[in-house]
Amino acid sequence: LKNLGNLPVIPLPESFALTAAYSDDPFPNKVNLGQGVYPGDSKFLTKARELLFGPQIASSENIASLQTVAGTGANHLAAIFCARKLCPKNVFISDPTWDNHHLIWKEAAPNVTQKLYPYYDPSTRRLNFEGMLAKLESSAEENDVVILHACAHNPTGIDPTREQWKKIAEVVGRKKLFVVFDCAYQGFASGHADADAWAIREFYSMLFTESSSSSSTPAGMFVCQSLSKNFGLYGERIGALHLITPSSTSPEGARAHLVQLVRAEISCPSLFGARIVHTVLDDAELRSKWQEDVRIMALRIKSIRALLKSELERIGAQGDWCHIEQQIGMFSFTGLSSAQVQELREKHHIYMLSNGRMSLSGLNESNVVYVARAIKDVL
Ligand code: PMP
């Protein structure tokens, strides 16, 4: 089996090595006539990593971080790296998921078989937790990859409970799988960035610290971090990929290979959005304003959920609409069929994905009555 510990440290691409050496040189009159920057704004990476892991875990030596082209680029880099350097047999993807997971793994990792694990149970409109665990128990092999949504699962809006996360971590460790956490909505689930990173931090503490038992250490873990939504920087494509190696293994070999992949793909990532994130997170006042903005945004989504549910109930739309309020994050998995979605579009000019996923950011006090009536009409 290939694993993270087997990867040799390879030299940095020359221009990266030059910049790194220049940065480390304390000579006061130093001159940099080399070109290029180190992969990622290091101040941004430090702050992004602290946001995700909290300051204590973020300072651990078994984490390597690189700036990526938003969350999508982080997923893509993770997939390429796994496909080329770890060669897992299978990647396990939640059913359903953000559709780009399928495309990214198809294009970037054609040698890895995609398998679905049950996630959403349409009959209960809840998490099919037993089905999910049973699938991983029965079908996942050592070194296989499992993609997990860190919070605010897209498209279902349903997250595991803390107890369920611990059970998932136990299976992942015992079966020595490779975890890819996709974290695109930190702050959107609860309104608090720390609370929304709970699962990632718990996996780290349970599985990747020195006290973690070596018989139940996963093959490794990636966290794909998007700053697009929670910083309103969608157009700047800002994100990071964090690699966590088992506590006995240095991430340096793997990191060197990741740097090479970044060099070949994008040379060096964009700076403007990275500087905004760094500036905000590095300043106590700006940071608390940002936290308040995220909290307000999450509360707004929650209040829109309540409004849509109560409006559907008030007008007597057939069925139980409690799930709209119970789901978490930016999306509601309405339970509407693709035929109903099509009718909403043709008759009422209301657009949503054919799987019934509604983005709540498009709903407001002025259009919620119209949308509720239209939904009633197509039921
Ligand atoms: N992962 C998931 C689960 C997402 O929903 C999204 C955004 N739609 C992404 C990743 C990609 O994020 P970004 O826009 O930062 O590329």
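Helices (H or I, at least four residues) and strands (E, at least two) are DSSP runs, numbered from the N terminus. The structure is a predicted model, in which local features need pLDDT of at least 70, side-chain atom pairs count only at pLDDT 80 or more, and totals for chains, interfaces and linings use all residues. Residues are numbered from 1 along each chain as its sequence is written.

One loop to start from lies between strand E7 (178-183) and helix H7 (193-196), and Ala 189 is found there. A residue is buried if 20 or more other C-beta atoms, placed from the backbone, lie within 10 Å of its own, exposed if 12 or fewer, and partly exposed in between. Ala 189 has 23 other C-beta atoms within 10 Å, and therefore it is buried. Two residues are in contact if their C-beta atoms, placed from the backbone, lie within 7 Å. Not counting residues up to four places away in sequence, Ala 189 touches Cys 151, Ala 152, Asp 159, Asp 196, Ile 328 and Gly 329. From Ala 189 to His 278 there are 89 residues in sequence and 22 Å in space, C-alpha to C-alpha.

Another loop, between strand E2 (90-95) and helix H4 (99-108), holds Pro 96. Pro 96 counts as partly exposed because it has 19 C-beta neighbours inside 10 Å. Its contacts, leaving aside neighbours within four places in sequence, are Tyr 119, Tyr 120, Pro 155, Thr 156 and Asn 355.

The largest nonpolar core has 100 residues; such a core is a set of buried Ala, Val, Leu, Ile, Met, Phe, Trp, Tyr and Cys residues joined through C-beta atoms within 7 Å. Ala 78, Val 179, Phe 181 and Ile 200 have the most contacts inside it. Ala 78 touches Val 180, Phe 222, Cys 224 and Leu 241, not counting residues up to four places away in sequence.

Ile 200 also takes part in a helix pair. Leu 52, Phe 53, Gly 54 and Ile 57 in H2 meet Ile 200, Arg 201 and Tyr 204 in H8. Helix H2 (residues 42-58) and helix H8 (residues 198-207) pack at an angle of about 35 degrees, with their axes 8 Å apart. Here axes are lines fitted to C-alpha atoms, for helices over the stretch in contact, and angles run from 0 to 180 degrees between N-to-C directions.

The residues around it include Trp 98, His 149, Asp 182 and Ser 226, where a residue is near a molecule if its C-beta atom, placed from the backbone, lies within 6 Å of it. Helix H3 (residues 70-86) gives the most to this shell, with four residues.
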